[in-house]
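Hello,

Here is the structure for you to look over. My notes follow below it.

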Amino acid sequence: MNSADSESLARRLLAAGYVEDSLERADVAILNSCVVRQASEDRVYSKLHELKEWKTPERTIAVTGCIVAKESENLTRRFPHLDAVVPIGEYETFVAALEARYDYSQGEVLPHAGRTGVSHFVRVIQGCDHNCTFCIVPRVRGREKHVPLEAVVAECRAAVADGAMEVVLLGQNVDDYHDPDGRGGLAALVREVEKIRGLKRLRFLTSHPQDLEPELLELMAASDIVCRELQLPVQSGDDTTLKRMARGYQTRHYRAIVETARRLMPDVGLATDVIVGFPGESEQAYLNTRALVEEIEFDVVHIAMYSPRPGTFAATRMDDDVPHEEKLRRLNDLLALSREIAGRKTARWIGRDAEVLIEGRDELNRPYGRIRQGKRANVLRAGDIAPGNLVNIRVLQATAGQLTGLQISTNSEPAA
């Protein structure tokens with residue numbers, strides 16, 4: 001979501017004549033913020049303190065993103081050197097003020113494919129209608145606003161025409177998407193987008209177990225375009241904890257979704273989010289989560305220690321009663337388990353073939369990208385293959401986080 005917001009603002013700035021440059025040479029520094037965790041919010045404040053030394057009367061510092069809705073005018077009081085606080089999506093006034101100040105010549109409109117030329121992020125929902133007790137998103141991004149299906153398809157079509165090979169549909173809860181004009185939900189949208197001529201891959205995230213349509217899994221299984229990757233946060237493997245989180249489902253419902261997905265797509269890549277140390281999480285509750293992670297064998301587990309977010313129900317009405325040391329122990333224990341599982345699962349790819357969409361080159365100058373199941377893959381003996389190419393590899397090595405394989409063929413090249 002933040003990447004999509006950054007691309008949207010970048011398009012406007014480039015069209016106004018700006019170019020990206022190093023901080024030392026820049027006239028304008030913009031921080032796009034995330035506040036879903038306290039640590040990410042603290043990094044914004046730390047960066048603003050650092051920028052105080054960079055600031056001159058001729059330079060502009062701006063902040064956008066979720067912190068704007070959370071802190072608003074407190075930011076300029078706390079950081080007097082901050083020039084602009086820009087709400088998400090409300091970029092025109094900010095860009096107009098910059099144009100009046102710096103008087104740049106008109107630039108080039110940024111291609112819909114974005115700065116990578118490979119993937120294009122499309123926000124289809126802004127906000128969230130769920131009320132998870134730990135989550136600050138509804139407060140900082142508001143209730144759900146759905147982009148009309150025709151507008152989403154038009155943006156995706158323009159991105160592909162500009163060279164994008166992949167489209168990623170984004171929402172805090174993308175499964176809850178519905179066309180305001182009544183043309184259907186996420187499955188209907190995916191079905192229309194995958195018809196776009198020249199599109200090679202389509203992904204969507206993030207899903208919610210309460211709202212995922214069975215039709216969507218069937219569509220994924222039948223499609224050569226939709227990636228077999230499902231990002232489905234479980235948050236806890238304990239039903240009592242899930243109830244305190246107000247997640248709206250039990251672990252049996254989650255297991256049923258996974259069972260259906262794997263029956264339709266045995267090779268589906270499955271990622272999840274887990275919070276450890278949520279208020280009231282007993283040792284047994286944690287062990288229930290650990291057992292679920294071990295049973296389901298996720299490809300990726302994003303694990304966070306619970307931290308109270310001001311303004312959420314959990315922060316105001318629940319005691320943060322799990323000691324920090326215990327949270328850390330559970331975090332490290334679950335990390336070790338999830339890495340062991342991930343290593344075991346990626347090892348199963350050795351000797352198999354996989355299709356890779358090339359995104360760039362790593363520090364060893366090897367092309368890299370992702371397979372349809374979401375795993376990163378490095379490509380050996382690939383020559384001067386460019387980002388946007390689809391290549392087939394035979395996997396030779398695997399670690400918990402990535403695959404390495406030998407190129408055996410090229411499926412397609414990006415449009416000129």
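Which residues in α11 meet which in α12? From α11 they are T251, Y254, R255, V258 and R262, and from α12 they are L292, E295 and I296. Contact means heavy atoms within 4.5 Å.

First, the ground rules. This is a predicted model, where local features need pLDDT of at least 70, side-chain atom pairs count only at pLDDT 80 or more, and totals for chains, interfaces and linings use all residues. Residues are numbered from 1 along each chain as its sequence is written, and side-chain values use heavy atoms, with hydrogens and water left out. Helices (H or I, at least four residues) and strands (E, at least two) are DSSP runs, numbered from the N terminus.

By class, the α11 contact with α12 has four nonpolar, one polar and three charged residues. Classes: Ala, Val, Leu, Ile, Met, Phe, Trp, Tyr, Cys and Pro are nonpolar; Asp, Glu, Lys and Arg are charged; the others, Gly among them, are polar. Helix α11 spans residues 251-264 and α12 spans 283-296. They pack at about 10 degrees, axes 12 Å apart. Axes are lines fitted to C-alpha atoms, for helices over the stretch in contact, and angles run from 0 to 180 degrees between N-to-C directions. The two helices are therefore roughly parallel (angles under 35 degrees).

**The sheet.** Three strands form an open sheet, ordered β1-β2-β3, with parallel pairing (at least two DSSP bridges between two strands). β1 (28-33) and β3 (84-86) are at the edges with a single partner strand each, so one side of each lacks a neighbour in the sheet. β2 (residues 60-65) and β3 pair over three bridges. T64 stands opposite V86 in β3. Helix α2 (residues 38-54) packs on the sheet and touches β1 and β2. Its direction makes about 175 degrees with that of β1.

Best regards

Conventions:
Parallel < 35°, antiparallel > 145°, perpendicular 65-115°, else oblique.
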